[in-house]
Amino acid sequence: MNRRAKTGWLAAAMLGLSMQGFSQYRGDDDGILMQQAARRDSAAIADAVNGWWKVSMKDHSSRITWWREAKFGCFIHWGVYSVPGGEWKGKKVGGYAEHLMRKEKISRKEYEEKLIRTFNPTEFDAEAWVKLIKEAGMKYLVITAKHHDGVAMYPSAIGDYTIACSAFPRDPMQELADACKRHGIRFGFYYSHAFDWEHPDAPGNDWDYNNPGGDKNLFGGTNWYDHHPELVPKAVKYVNEKSIPQIRELLKKYHPDIIWFDTPHKLPLSENIRILQAIREVDPGVVVNGRLARSAAVSFGDYKNTADRPTEFYPVEGDWEAIPTTNESYGYSRFDDSHKPLGFFIQLMAKAAAKGGNLLMNIGPMGNGLIDPRDTLILHGIGQWMSKYGESIYGTTALNRHEQYWGVMTRKGAQEYLHVFHWPANGRLVVNGISEIKNAALLGNRELLQVKKIAPARWEIVVPAVAPDPYNSVVKITTTGGEEPVMPRLLATSGQANTLLAFDAEQQGKGWAYGDGKAAKYYVHRWSSPTQALRWQVSTTEAVRYKVKIKYAADAGTEGVYRVLADGKGGEYVVKPAAKGESIVEQELEDISLAPGNHVLQIAPVRITGKELMKLFEITLTPAGRQ
């Protein structure tokens, strides 16, 4: 099939995807509107994949090379909302602090008078920010040039909702761009292209205006543009008057390396694609994240975005990025003390690199221009670890399907890095799935460690009794550089528990979906067919009895009976629906005994009597004694 035929086929396939699901409405008014919307978006998709977007992707590899190597960046949410920091008129406002305007329904006029005009971050020091970020080991910086409140955090020539109207006489975006250039940090912007609470024609503000896209769910709610296409020209007017002009302004004035978008669902896909086309016309070399324009068939960005605030990562093919926060709010909140421990971020970074992804870690500076001291402590701690072990993160690639009970692995050519979260108490680190180890050493130490092959593609490395790092000690091994075999996961037979994530399971049957990876959603779900099952191939070096615990989420639609099987044998257990909302269930199951060798652990439905069986997080096997 030639290229023209391929792109033509792709456009036709996407038209089919976008039309799929609307045929049952054929003949009624709602169905006609849906079909018209599908044709509108499909025309924009076809124009892109057969034209300008196809051309732009010829330079994709060179455009994204620096991003692939960087691995670790800093996301900064900073705006006029950082001054109140989650407080309004003496009242604590929960949730995202940067959503203050929406949550408190602050009028455009009052927001301007009380926040924009008084904004004066006299302690802001771009040089200090960038030095701190660089010392933390971060290689790129993305800052909010305009968030959902519509305020340009630079002296924009477009509109009057900018910090040019504030008491602050400087351009913080220019100062940050200059500081990043001096220190070798890639620089970029977050721009809220679709969600804008100040513009009378933009989606989002339904307290000052009668606009769709807000909390009132006016005009059909989320897909307002499909239910009410007569409102689309109003949104197009906003995109033409503000969104595209300001994006072009940012590209031409600051020449960012990356530009970052979110909430594309507030606009029709056709408008998101049009914005991306405008970007490519101005700067073909700028990296664009994956949340601006994407359909069921095509992601038009340079890489994919996964979860906000993740704890685990679901499988993703290709380039991807996740966005953890130091606490739970993106903008500064004086009340949010939910900062994660340092070890969480150090291990999360290794987990992301082991699966081929980047971390863009968010901080929320204070309204006076200083970095929150709670964030500073975390950044300093990460920086100390990265100064010793950064080699095991930067420029590495994934080692897929190489789960280890003690941690994760990354790779750079013939060098592989063992990120050991659980240091072996007996001084014997067993590594599974490596064809040949030529030598091994603690990263940063030239003294070679003793290495012994104990089985095909299985090795034992003698390590010091005490872990070099309390969170993630790295052992560097030299291999042949060839393809590594995929082996059954080796289980620990004493001491620590073995956690088998549903994200890492082999899926049988169709229809599965992944949760987004957050603390309450790192599960596999849509388990609605008796043909669906999850399985893990595991191995043990000796006969061991394991205590078994399962963790899953249940809601009003989860109900049924399941069986946990080890080599085809096991007991049956009941899933009951939750009385209210979604609850997390942790249940002790019957012990299982495994002989030395390879085994298959499986969880399968006996019967599903609800909408789905369960939403599975993990199964934990804790050694309970040798047989």
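**Pockets and a helix**

I began with the lining of the largest pocket, whose residues divide into 20 nonpolar, 17 polar and 12 charged. I keep in mind throughout that this is a predicted model.

I then looked up the extent of this pocket, and found that about 1100 Å³ of space lies in the largest pocket, while 49 residues line it, with Glu-312, Lys-351, Lys-355, Val-408 and Asp-504 lying nearest its centre. The elements that give two or more residues to this lining are α4 (60–70), α12 (342–354), β11 (397–398), β12 (407–412) and β20 (498–501). Which element gives the most to the lining of the largest pocket? I found that it is α12, with 5 residues.

Next I turned to the second largest pocket, which holds about 530 Å³ of space. I noted that 26 residues line this second largest pocket, and that Tyr-96, His-148, Asp-262, Thr-263 and Asp-308 are the ones nearest its centre. Its lining divides into 8 nonpolar, 7 polar and 11 charged residues.

Last, I went back to α4, one of the elements that give two or more residues to the lining of the largest pocket, and asked which of its residues are buried. I listed His-60, Arg-63, Ile-64, Trp-66, Trp-67 and Ala-70 as buried in α4. Seen down the axis of α4, these buried residues fall within an arc of 150 degrees, so they line one face of the helix. Just after α4, I noted that Lys-71 takes a positive phi of about 70 degrees.

Terms used: Residues are numbered from 1 along each chain as its sequence is written. This is a predicted model: local features need pLDDT of at least 70, side-chain atom pairs count only at pLDDT 80 or more; totals for chains, interfaces and linings use all residues. Side-chain values use heavy atoms; hydrogens and water are left out. On a 1 Å grid over the protein atoms alone, a cavity is a set of points where a 1.4 Å probe fits but cannot get out, and a pocket is an open set with protein on both sides within 12 Å along at least five of seven lines; lining residues have an atom within 4 Å of a point. Grid points are joined across faces, edges and corners, and a volume is the space filled by probe spheres set on the points. Helices (H or I, at least four residues) and strands (E, at least two) are DSSP runs, numbered from the N terminus. Ala, Val, Leu, Ile, Met, Phe, Trp, Tyr, Cys and Pro count as nonpolar, Asp, Glu, Lys and Arg as charged, and the others, Gly among them, as polar. Buried means under 20% relative accessible area, exposed over 50%, partly exposed in between (1.4 Å probe, protein chains only). The arc is that of the directions from the helix axis to the C-beta atoms.
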